Amino acid sequence: MTELIQQIVNGLSLGSTYALLALGLAIVFSIFGLVNFAYGELITIAAYTMLLTSYMGLPWTLQIIAGVLAAVVGSVLMEQIAFKPVRNADPTTMIITSFGVAIAIQSIFTMTVSARPRAVPQPDWTATSVTLGGIIIPAYQILTITVTVVALVLMTVMLKKTRIGLSMRAAAEDFGAARLLGVRANRVVSAAFALSGLLAGVAAILILTRTGGVVEPTMGLGPVLKAFVAIVIGGIGSLSGAVLGGFILGFAEVALRAGLPSSVTGLADGVLFAVVVIIIISRPEGILGVKQRLRT
Amino acid sequence: MLQIDSLVVRYGGIQAVQGISLEVQEGELVALLGPNGAGKSSTLNACVGLVKPASGRIVFEGREVQGMKPEDVVRLGLVLTPEGRRILTGLTVRENLLLAGAIRKDRKAMLADLDRLLERFPILGERAGLAAGTLSGGEAQQLAIARSLMCAPRLLLLDEPTLGLAPKVVDQVFGIVEELRAEGITVLMVEQNAVRALEIADRAYVMRTGVIVGQGTAEELGDAEGLISSYLGAGS
């Protein structure tokens, strides 16, 4: 029983991170129609900013604020510099552009810092844990779950209750109709990229507390793939689907790692991706996927 | 109020609008008639920036608007109720209206207008909190028009407001258009129901394959038969 609860907590924690990541990827897709594969590099940007500010001797709280800000600015600039010129181009052109941006950013960090991993010292408390009735909950998991819940609530309130949220929901459903009613295209697109960057930045903090602060140029690849899988599971374009997909993925991964014999745990990702292929074939619109985009 | 001069709209190699000129005076209700593919919708879409004209000028209250962004044109008071209504179905009825009203500077007046519109279109008042996707075709058209009114239009462009509606609902929509004119809103309406449109319009233009082939008042354009022959072309 404790073993099961332990695994549920693990699933919640991992799923939380995936949910945040998937939401950031889905929000840009719902408005801009682009699966931004350079999204992972926003995590990298946040992480390297934390590395830089830690070298500068800033305290951890300032490091994470700087990291999140860098991801937000990086995301908005990414759109302005790379995606705006291809806004009306073929979706394939946009996706290839996003791969190009990803490779360019990875290369910049490889050239200017190093191809080898570096470490951002994490506060001591992130490595501690709480024991509750025989269940050991690491502090980073508590942080991850709490931050995700807060982020999801704030995000829902923003989309439902604010003017920019209303504009974003409208633009996601019918960009042209929204513009006819005065919704400023540039503003909602920038807002979507800024939010996406914000979520990537927050996810970067959580990822670093889990890995003990390991930073390397290709660190964004794993997370963006997982986020992509999550939005495929949940239904591409649906925000609640992205969150659901993230949690399903997190639980599935934990279950596979716990359930598979130890000699084949390395295959867990392989099994997951196989399941995704089956989902794409049998239910291409995903679990909560609908023709209309961005249901909250 | 609106002058269109030698407007050309191209989609790829196809010239949908081939150098038309027309004008709408303040307070008028003008109909733009013609068969499918005549270039009527393309003309309206060019006015509000949904398509970029290949050449020609569109002047609204002294300002050239061709090539402007849709979100800027609507702020001038040139408002399109698009073909197919394009209701935002995932938003509530009230949210659709609030979104449109967001461009107004005077928020108090905007909210007062919102209340007035919800009274004027009682069905929208009843459904204010429901997803707009639950509305029927006629109700959705009322919402589409109400939404345009929330933008405080000086000139309202209506694209096929009765398309796909039941006859009784068509009457209702024509009634609304007449009311708008009575309130002093200038209207340029694209309509497939030529006979009904001519009954309420001050003047009409008739388009076919991208050019204007006739214009004038209902009397000048002749009876319905004359119009139909003009639609179908000589000899058919």
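Two strands count as paired when DSSP finds at least two bridges between them. The views below show a predicted model.

**View 1. Strands S6 and S7 of chain B run side by side.** S6(B) and strand S7 (residues 155–159) of chain B are parallel and joined by 4 bridges. B:Val79 stands opposite B:Leu156, a residue of S7(B). Helix H7 (residues 167–182) of chain B packs on the sheet and touches S3, S7 and S8 of chain B. The direction of H7(B) makes about 150 degrees with that of S8(B).

**View 2. Six strands of chain B make an open, mixed sheet.** The strand order is S6-S7-S8-S3-S9-S10 in chain B, 6 strands with mixed pairing. Strand S6 (78–81) and strand S10 (211–216) of chain B stand at the edges. Each has a single partner strand, so one side of each lacks a neighbour in the sheet. Neighbouring strands are turned by 20 degrees against each other on average, direction ignored. Helix H1 (residues 40–47) of chain B lies across strand S3 (29–33), S6, S7, strand S8 (186–190) and strand S9 (203–208) of chain B. H1(B) runs at about 145 degrees to S7(B).

**View 3. A second open sheet in chain B has antiparallel pairing.** Its 4 strands follow the order S2-S1-S4-S5 in chain B. The edge strands, strand S2 (14–24) and strand S5 (63–64) of chain B, each pair on one side only. Strand S1 (residues 2–11) and strand S4 (residues 55–60) of chain B are antiparallel partners over 5 bridges. B:Gln3 has B:Val59 of S4(B) as its bridge partner. H1(B) packs on this sheet as well, touching S1, S2 and S4 of chain B. The direction of H1(B) makes about 110 degrees with that of S1(B).

View 4. The side chains of B:Arg116 and B:Asp113 meet at 2.9 Å, N to O, in a salt bridge. Both residues sit in helix H4 (residues 107–120) of chain B. They are 3 residues apart, about one turn of the helix. Over all chains, the whole structure holds 21 salt bridges.

**View 5. Strands S2 and S3 of chain A form a hairpin.** Strand S2 (residues 129–132) and strand S3 (residues 135–138) of chain A pair in the antiparallel sense, with 4 bridges. A:Leu132 has A:Ile135 of S3(A) as its bridge partner. The hairpin has 2 residues between its strands. A:Gly133, in the turn, has a positive phi of about 50 degrees.

**View 6. Chain A meets chain B.** In this interface, 20 residues of chain A contact 24 residues of chain B. About 2000 Å² is buried between the two chains, and carbon and sulfur atoms give 56% of that area. There are 4 salt bridges across the interface. One of them joins the side chains of B:Glu71 and A:Arg179, at 2.7 Å, N to O. The count of residue pairs in polar contact between chain A and chain B is 9. On the chain A side, helix H6 (163–173), helix H7 (175–180) and helix H8 (185–211) are the elements that give two or more residues. H6(A) gives the most, with 6 residues. The chain A side divides into 7 nonpolar, 5 polar and 8 charged residues.

Methods
Residues are numbered from 1 along each chain as its sequence is written. Chains are lettered from A and ligands numbered from 1 in the order in which they are written. This is a predicted model: local features need pLDDT of at least 70, side-chain atom pairs count only at pLDDT 80 or more; totals for chains, interfaces and linings use all residues. Side-chain values use heavy atoms; hydrogens and water are left out. Contact means heavy atoms within 4.5 Å. Buried area is the accessible area (1.4 Å probe) that two parts lose on being put together, summed over both. A polar contact is a pair of N or O atoms within 3.5 Å; within protein, one must be able to donate a hydrogen and the other to accept it, and residues adjacent in sequence count only if both atoms are side-chain atoms. Ala, Val, Leu, Ile, Met, Phe, Trp, Tyr, Cys and Pro count as nonpolar, Asp, Glu, Lys and Arg as charged, and the others, Gly among them, as polar. Axes are lines fitted to C-alpha atoms, for helices over the stretch in contact, and angles run from 0 to 180 degrees between N-to-C directions.
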